[in-house]
Amino acid sequence: MCWAAPLRKGAALFLSQKRARAKMKKIWTFIASDHGAVTVDWVVLTAAMAGFAALISTEMGSGLMGLAESLASYMSNWDFS
């Protein structure tokens with residue numbers, strides 16, 4: 001066994017720990033970053049607005065159909081001659 005073998009193992013362990021720390025630092029930097037937060041906010045707000053528009057249009061559609069039917073029945077007796 002060579003006297004440098006334990007040193008190589010120790011150096012490899014140190015480098016793997018250093019790489020692990022660097023990876024953890026990248027992960028924590030990514031978690032702390034807020035670069036995509038504005039995009040997520042806009043997507044959520046746009047989805048909420050689209051949902052409300054769909055809800056309102058279905059409710060208004062049924063109400064407008066009732067209004068159109070009552071107007072048609074009211075105007076059915078009119079004579080324009």
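Buried means under 20% relative accessible area, and exposed means over 50%.

**Figure 1. The whole chain of the predicted model.** The protein chain has 81 residues, and buried residues make up 2% of them. Its secondary structure comes to two helices and zero strands.

**Figure 2. A nonpolar patch on the surface.** The patch is formed by F52, L55, I56, M60, L64 and L67. Together these residues have about 630 Å² of accessible area. One of them, L64, is found in helix α2, which covers residues 37-75.

**Figure 3. The aromatic pair of Y74 and W78.** A search of the whole structure finds one aromatic pair. Its members are Y74 and W78, with ring centres 5.7 Å apart. The angle between the planes is 70°, and the pair is edge-to-face.

**Figure 4. Accessibility of Y74 and W78.** Y74 has a relative accessibility of 54%, so Y74 counts as exposed. The relative accessible area of W78 is 42%, so W78 is partly exposed.

Note on methods:
Residues numbered from 1 in each chain as written. Predicted model: local features only at pLDDT ≥ 70, side-chain atom pairs only at ≥ 80, totals over all residues. Heavy atoms only, no water. Phe/Tyr/Trp six-rings, centres within 6.5 Å; stacked < 30°, edge-to-face > 60°. Buried < 20%, exposed > 50% of the residue type's maximum accessible area, 1.4 Å probe, protein only. Patch = residues over 30% accessible without salt bridge, like charges linked within 9 Å, V, L, I, M, F, W, Y side chains within 5 Å. Areas by Shrake-Rupley, 256 points an atom, 1.4 Å probe, with all protein chains shown as cover. Salt bridge = Lys/Arg side-chain N within 4 Å of Asp/Glu carboxyl O. Helix = DSSP H or I, 4+ residues; strand = E, 2+ residues; numbered from the N terminus.
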